[in-house]
Amino acid sequence: MIDIHSHLLPGIDDGSPSWDASIELARQAVSDGIEVALMTPHHQNGKYINPGPEVIKLTDEFQTLLDEENIPLKVFPSQEVRINSEIITDLGEGEIVGTDEDTRYFLLEFPDNSVPSFTKDLVFRILQMGVTPIIVHPERNTALMAHPEILFELVNQGAISQITASSLVGTFGKAVQAFSQDIIQNGLTHLIASDAHYLPGRKYEMTGAFSILGRLTDYQHVKAFHQNAKAVVNGDSIIRFDETPIKKRKLFAKY
Ligand SMILES: [Fe+2]
């Protein structure tokens, strides 16, 4: 499997705290079936700034270490970019490290509890540049939970999205798990990734998440997700699905 979202580089965000932890996470990734992983430290989220050259250098060092330890994992540099007003300028100046070499795709993160009002316009301008933003973990955003039509509009506009594996297996609770299923079944997500951090008790859940995906959809859909992970790393076109608006679930059942 290819994992397009993880925080394995040490000491640069809230992910791995040390090289030892990075190695431990890499071993876990491999035992969960991951062969290729993008290193996607937080960028411009108000707390962390991780410029491209630094991410590239650390990723190279990590690869050397993995090779020395005989851990069969290939790592590539990228970033998880928090939505901000400088994105268009930064993309134009090559300051954003996409998921692929030419930055045809990049990971775009919203704040946990909101979707800024300028998002739709920004996504439009990003798409006009020939770049497709990958909205990360929409299932964990409380504003999208309350207004799932916003996600439909953004994906319908041309954005794509990535669900976090542990959301789908239920690590973040029933509401997040149910919303993940809704997003999948309405064709509004295209990728599953680990978003691995170094958190005791939180495991790699890619295998588990893909088996749930198989139960919710079909073999073709699962295959498309694997192909999409490869496509966003190689800068190729992704497979989209029939997109339908999510019907809001009733928060309280009436008896
Ligand atoms: Fe992340």
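Sorted by class, the lining of the second largest cavity has seven nonpolar residues, one polar residue and no charged ones. Here Ala, Val, Leu, Ile, Met, Phe, Trp, Tyr, Cys and Pro count as nonpolar, Asp, Glu, Lys and Arg as charged, and the others, Gly among them, as polar. The model is predicted, so to speak of local features takes a pLDDT of at least 70 and side-chain atom pairs count only at pLDDT 80 or more, while totals for chains, interfaces and linings use all residues. Numbering runs from 1 along each chain as its sequence is written, and side-chain values use heavy atoms, with hydrogens and water left out.

Who sits around this cavity? The residues are M1, I2, I192, M206, F210, F225, H226 and A229. Two elements each give two or more residues to that lining: α9 (206–216) and α10 (219–234). Of the elements, α10 gives the most, with three residues. The volume of this second largest cavity is about 30 Å³. (A cavity is a set of points on a 1 Å grid over the protein atoms alone where a 1.4 Å probe fits but cannot get out, and lining residues have an atom within 4 Å of a point.)

## α9 against α10

Now for the two helices themselves (helices are DSSP runs of H or I, at least four residues, numbered from the N terminus). The axes of α9 and α10 come within 8 Å and cross at roughly 140°. Those axes are lines fitted to C-alpha atoms over the stretch in contact, with angles from 0 to 180 degrees between N-to-C directions. The pair is therefore oblique; angles under 35 degrees count as roughly parallel, over 145 as roughly antiparallel, 65 to 115 as roughly perpendicular and the rest as oblique.

On the α9 side, F210, L213 and G214 meet H221, V222, F225 and H226 of α10, where contact means heavy atoms within 4.5 Å. This contact divides into four nonpolar, three polar and no charged residues. F210, F225 and H226 also turn up in the lining of the second largest cavity.

The elements giving two or more residues to the lining of the largest cavity are α1 and α7 (165–169). By class, that lining has four nonpolar, four polar and three charged residues.

## α1 across α2

Helix α1 (residues 19–31) also packs with helix α2 (residues 52–68): their axes come within 11 Å and cross at roughly 65°. So α1 is roughly perpendicular to α2.

The α1 residues W19, S22, I23 and A26 meet L58, E61, F62, L65 and L66 in α2. Seven residues of this contact are nonpolar, one is polar and one is charged.

## α4 alongside α6

Helix α4 (residues 119–128) and helix α6 (residues 148–157) have axes that come within 10 Å and cross at roughly 15°. These two are therefore roughly parallel to each other.

From α4, the residues T119, K120, V123, F124 and L127 meet E153, L154 and Q157 in α6.

How values were computed
On a 1 Å grid over the protein atoms alone, a cavity is a set of points where a 1.4 Å probe fits but cannot get out, and a pocket is an open set with protein on both sides within 12 Å along at least five of seven lines; lining residues have an atom within 4 Å of a point. Grid points are joined across faces, edges and corners, and a volume is the space filled by probe spheres set on the points.
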